[in-house]
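Here are my notes on this entry. Please read them with the structure open.

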Amino acid sequence: MPKEVSIYEVGPRDGLQNETAVLPTARKVEMIRGLLESGIKRIEVTSFVNPRWIPALADHMEVAAAVHKLERADDVVFSALVPNMRGLDSATRAGMKEVAIFMAASQTHNLKNINKSTEKALATYTEVVREALDRGMRVRGYISCVYGCPYEGNIPVEQVIEVSKALSDMGLYELSLGDTVGVGTPRQVEHVLQQLLEAGLTRDKMAVHFHDTRGTALANITVALQMGITTIDSAAGGLGGCPYAPGASGNVASEDVVYMLQGMGCTTGVDLDRLVATSSRLAGHLGHELPSKYLKAHIGHCTRSMRSV
Ligand code: HMG
Ligand code: MG
């Protein structure tokens, strides 16, 4: 097991993009402040996509402007999704120093999610990444539907390798491998990661991004950790899903990941109590329970202790 693990928090973006009630900008910023106070250093704060496609993140300029004013340590990194040159220009104007491009290993998911074929998406991102690097930004990438697609079902590992290599050759500092609809299982994860490593991708440039739709996320993360991958994407409270991936439910919860890692002796720098406080407040603002198991156990424990007083 690695001694230190980096948590890449996607709640404000991957989490909130899926909420039907739009959280006011000030609440989003309050959430991000809470995440910072809990010790999380890498946060995806919004998405510079077409607001008609993702209405919940239409306030991307305002969110970015506000988070840049938050008090934070020097090593904190804010990132945001960009789907094209227009998104990159908006992110640049908003002062982002890091952006993330995203596409799937599946042709149909690309058509539904970014209105482009795989080939067109790769051509677009080649230009976007070159330009972002020229502007001095760091660029992360996502490949989704790595373990299966809501439209095409099984995705051959060769297809995952082909898109992953094309993306990482663009000069990304990290590629996050997404189980967008949460279908992956541990043996499959081991197989796919092994194939990617054999194809030349390196552990230090890989991150894993699991959705917990079928309850396999923590088991899958354990496999990734055992294979030497040390960046885990997760969302506060287990928020999330992709509006263009039917059946996708929450991201693996940051609380659940941090709790498991602490128990395994891996350092994350995250204060679990503060994180729980942030997610609990957020659940109140969103008006519904969040799926994190640790959070539910914590709230249940507090309620039981209060009853026994
Ligand atoms: P399009 O409709 O093909 O774009 O959308 P277009 O180039 O034809 O332009 C149409 C209109 O969109 C124009 O406006 C553009 O200006 C505008 P109009 O002239 O009609 O008024 N437009 C934009 N506006 C704001 N920001 C932009 C932008 N670009 C064009 N950046 C596009 C193409 C990619 C923009 C659209 O499909 C889109 O926004 N898609 C994003 C969908 C999305 O965010 N999905 C969720 C992401 S989650 C995910 O993918 C998985 C991940 O979480 C990992 C995992 O879980 O596995 C990353
Ligand atoms: Mg996701």
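Which polar backbone atom is 3.4 Å from a nitrogen atom of ligand 1? That atom belongs to Gly87.

1. Basis. This is a predicted model, where local features need pLDDT of at least 70, side-chain atom pairs count only at pLDDT 80 or more, and totals for chains, interfaces and linings use all residues. Residues are numbered from 1 along each chain as its sequence is written, chains are lettered from A and ligands numbered from 1 in the order written, and side-chain values use heavy atoms, without hydrogens or water.

2. Polar contacts (pairs of N or O atoms within 3.5 Å). An oxygen atom of ligand 1 lies 2.6 Å from a side-chain N or O atom of Thr180. For Asn50, a polar side-chain atom is 2.7 Å from a ligand 1 oxygen. The protein buries 77% of the 1100 Å² that ligand 1 exposes when taken alone (Shrake-Rupley method, 1.4 Å probe).

3. The shell. There are 27 residues around ligand 1 (a heavy atom within 4 Å). Asn50, Arg86, Asn113, Asn115 and Thr180 come nearest. The shell divides into 11 nonpolar, 11 polar and 5 charged residues. Gly counts as polar here. Elements giving two or more residues are H1 (11–15), H4 (85–93), H5 (107–114) and strand E5 (138–144). Helices (at least four residues) and strands (at least two) are DSSP runs.

4. Helix H10. This helix spans residues 254–263 and is mostly covered, with 7 of its 10 residues buried (under 20% relative accessible area, 1.4 Å probe, protein chains only). Among the buried ones are Val257, Val258, Met260 and Leu261. Gly265 follows H10, with a positive phi near 80 degrees.

Note on methods
A polar contact is a pair of N or O atoms within 3.5 Å; within protein, one must be able to donate a hydrogen and the other to accept it, and residues adjacent in sequence count only if both atoms are side-chain atoms. Buried means under 20% relative accessible area, exposed over 50%, partly exposed in between (1.4 Å probe, protein chains only).
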